[in-house]
Amino acid sequence: MARTARGDERAFEALYGTTAAPVLALVLRVLRDRAQAEEVAQEVFWQVWREAPRYRPERGEVLPWVLTLAHRRAVDRVRSARAAADRDRTAALRDYTPDFDQVADRVEDALDRDRVRRALTVLSDAQRECLLLVYFGGCTQAQAAARIGAPLGTVKTRIRDALRQLRGHLGDAPLPPPRRSPRPSGAPARPAVGSRP
């Protein structure tokens with residue numbers, strides 16, 4: 001190492017011959033890519049050539065010193081690759097423009113929700129309460145009746161009238177069917193709103 005520090009190329013070749021294999025093995029273990037490991041190992045030996053005058057034998061043997069340089073370089077390469085990948089990902093997200101269809105669908109959904117919200121304001125409080133319990137609260141008409149303390153027929157009438165008003169206000173767009181609670185096996189199916197027995 002002392003001769004390498006003085007610029008002796010043959011001494012450096014001997015140093016390389018004794019340390020190249022362990023350096024490459026260490027770097028390969030960190031990077032797990034042969035081409036990158038060879039590139040980093042080459043950088044390590046350039047660093048050894050340049051920094052040989054700074055080596056102090058009282059601080060430790062040559063091989064551990066060289067391996068420390070190799071480990072630091074390999075870790076730096078991993079960090080650099082991760083940082084580059086993070087920058088690329090951030091740039092890709094920043095530059096991402098959703099497809100027109102996705103934007104159109106979102107806008108349409110928002111407009112539909114807004115239209116329904118405004119249409120609900122034309123209903124009476126009683127109609128709105130029954131409709132929300134059955135269509136959005138997951139209640140059956142009987143459960144809604146029990147919850148508000150009204151006869152089942154009254155709840156059915158309020159829902160039927162509310163649906164008519166909403167259709168008139170929204171146009172002919174059909175409302176989704178209400179969410180139904182699971183029926184116990186053997187229980188009769190609940191008739192649809194406005195259907196006749």
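Predicted model: local features only at pLDDT ≥ 70, side-chain atom pairs only at ≥ 80, totals over all residues.
Residues are numbered from 1 along each chain as its sequence is written, and side-chain values use heavy atoms, with hydrogens and water left out.

Let me begin with the overall layout. The protein chain has eight helices and zero strands, where helices (H or I, at least four residues) and strands (E, at least two) are DSSP runs numbered from the N terminus. Of the 197 residues in the chain, 25% count as buried, and here buried means under 20% relative accessible area, exposed means over 50%, and partly exposed lies in between, with a 1.4 Å probe and protein chains only. If we take the contacts with a separation of 6 or more, residues 24 or more positions apart account for 61% of them, a contact being heavy atoms within 4.5 Å.

Now to the charged side chains. Side chains of opposite charge can pair when their charged atoms come close. The structure holds 10 salt bridges, each defined as a side-chain nitrogen of Lys or Arg within 4 Å of a carboxyl oxygen of Asp or Glu.

Which residue forms a salt bridge with Glu43? The partner of Glu43 is Arg77, and the closest N and O atoms of the two are 3.0 Å apart. This pair links distant parts of the chain, since Glu43 sits in helix α3 (residues 34-51) and Arg77 in helix α4 (residues 62-95), 34 residues apart. Glu43 counts as partly exposed, at 27% relative accessibility, whereas Arg77, at 19%, counts as buried.

A second salt bridge joins Glu51 to Arg54, with the closest N and O atoms 3.8 Å apart. Glu51 counts as buried at 19% relative accessibility, while Arg54 is exposed, with a relative accessible area of 59%.

Arg128 counts as partly exposed at 21% relative accessibility, and Asp125 counts as exposed at 58%. Elsewhere, salt bridges that share partners join Glu39, Glu43, Arg73 and Arg77 into one network.

Next come the aromatic rings. A pair of aromatic rings is described by the distance of the centres and the angle of the planes. A search of the whole structure finds three aromatic pairs; rings of Phe, Tyr and Trp (its six-membered ring) pair if their centres lie within 6.5 Å, and planes under 30 degrees apart count as stacked, over 60 as edge-to-face and the rest as tilted. One of these pairs is Tyr16 with Phe45, which is edge-to-face at 4.7 Å centre to centre, with 65 degrees between the planes. Because Tyr16 lies in helix α2 (residues 9-31) and Phe45 in helix α3, the pair ties together parts that are 29 residues apart in sequence. Tyr16 is partly exposed, with a relative accessible area of 42%, but Phe45 counts as buried at 6%.

Let us turn to two packed helices. How do the axes of α6 and helix α8 (residues 152-170) cross, and what distance do they come within? The axes come within 8 Å and cross at roughly 95 degrees, where axes are lines fitted to C-alpha atoms, for helices over the stretch in contact, and angles run from 0 to 180 degrees between N-to-C directions. That makes α6 roughly perpendicular to α8, given that angles under 35 degrees count as roughly parallel, over 145 as roughly antiparallel, 65 to 115 as roughly perpendicular and the rest as oblique. Among the residues making this contact are Leu131 of α6 and Leu166 of α8.

I will finish with Leu120, which is found in helix α5 (residues 100-120). Leu120 counts as buried, at 11% relative accessibility.
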